[in-house]
Amino acid sequence: PEALVVADLCFCEYTDHGHCGPLDHKGDVDNDATLENLMLQARVAAEAGADMVAPSGMMDGMVAAIREGLDESGFSNVPIMSYATKFASCFYGPFRDAAGCGLGQGNRKTYQRDPANSREAIEEAAQDELEGADILMVKPGMPYLDILARLREETNLPLAVYQVSGENAMIKAAAEKGLLDETDAMMESLLAFKRAGADIILSYFAVEAIKQIQQGYLENA
């Protein structure tokens with residue numbers, strides 16, 4: 001019961017097409033209709049006991065809508081960790097296959113960030129901060145250390161980084177082939193996030209990394 005519960009707010013696992021919200025008559029994600037759903041989803045999560053909510057769908061205005069919905073429902077103290085700069089990346093593949101939320105058609109490039117456009121990513125994060133985000137997240141992690149470092153210079157908000165399934169699988173696969181040491185690669189990647197300015201790291205390596213730290217890995221490295 002003392003664990004911090006963070007609820008991911010998105011709809012990709014609940015739609016038959018795999019997109020992060022309902023589609024309009026043109027087949028595009030309906031941003032405003034999704035905001036209405038996010039307000040409801042955030043309230044339900046808070047009522048169920050979530051300590052924090054984390055919208056991950058990259059809808060325009062999502063932080064403002066969620067903040068309004070939480071405040072009106074009496075959950076003004078529930079913070080928002082925004083997936084502020086979530087890129088349209090290939091590194092999500094293993095998770096999406098496991099979760100069954102791959103796309104039936106199209107792609108997510110119309111609402112997730114373009115991997116080539118760093119300036120838009122910084123602007124998106126700044127907008128989320130203005131709308132009331134309490135924590136800003138960069139996702140994925142290793143391919144976007146430059147974005148994380150730039151955000152650290154731009155904001156005093158806590159920064160989170162998400163080391164996604166493809167990053168984990170890449171290290172695992174290389175280690176299985178004997179190309180690198182898994183523990184060293186894992187810890188070096190996590191140290192890179194801290195060096196770039198992350199306050200919070202979400203990683204599939206979390207449990208193993210904690211064990212290594214408790215066993216004195218950093219002192220012995």
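**Exercise 1.** Which residues gather in a patch of negative charge on the surface?

*Solution.* Start with the ground rules. This is a predicted model, where local features need pLDDT of at least 70, side-chain atom pairs count only at pLDDT 80 or more, and totals for chains, interfaces and linings use all residues. Residues are numbered from 1 along each chain as its sequence is written, and side-chain values use heavy atoms, with hydrogens and water left out.

Step 1. Asp and Glu count as negative, Lys and Arg as positive; His and the chain ends are not counted.

Step 2. A patch takes residues with over 30% relative accessible area and no salt bridge, and joins like charges within 9 Å. A salt bridge is a side-chain nitrogen of Lys or Arg within 4 Å of a carboxyl oxygen of Asp or Glu.

Step 3. The patch holds Asp 32, Glu 36, Glu 68 and Glu 72.

Step 4. At least two of its residues come from helix 1 (31–47), and at least two from helix 2 (62–72). Helices (H or I, at least four residues) and strands (E, at least two) are DSSP runs, numbered from the N terminus.

**Exercise 2.** Is Glu 72 buried or exposed?

*Solution.* Glu 72 sits in helix 2. Buried means under 20% relative accessible area, exposed over 50%, partly exposed in between (1.4 Å probe, protein chains only). Glu 72 has 60%, so Glu 72 is exposed.

**Exercise 3.** How many aromatic pairs does a search of the whole structure find?

*Solution.* The search finds 2 aromatic pairs. Rings of Phe, Tyr and Trp (its six-membered ring) pair if their centres lie within 6.5 Å; planes under 30 degrees apart are stacked, over 60 edge-to-face, the rest tilted.

Step 1. Tyr 83 and Tyr 162 form a tilted pair, 6.3 Å centre to centre with 50° between the planes. Tyr 83 is in strand 3 (residues 81–86) and Tyr 162 in strand 5 (residues 159–163), 79 residues apart. Both Tyr 83 and Tyr 162 are buried.

Step 2. Phe 87 and Tyr 144 are stacked, at 3.9 Å centre to centre and 5° between the planes.

**Exercise 4.** Why does the pair of Phe 87 and Tyr 144 tie together parts that are 57 residues apart in sequence?

*Solution.* Look at the loops. Phe 87 lies between strand 3 and helix 3 (93–99), and Tyr 144 between strand 4 (135–139) and helix 5 (145–154), so the pair ties these parts together. Phe 87 is buried because its relative accessibility is 0%. Tyr 144, at 8%, is buried too.

Definitions and conventions. Patches are made of residues with over 30% relative accessible area and no salt bridge: like charges are joined within 9 Å, nonpolar side chains (Val, Leu, Ile, Met, Phe, Trp, Tyr) within 5 Å. Accessible areas come from the Shrake-Rupley method with a 1.4 Å probe; for residues, only the protein chains shown count as cover. The place of a charge is taken as NZ of Lys, CZ of Arg, CG of Asp or CD of Glu.
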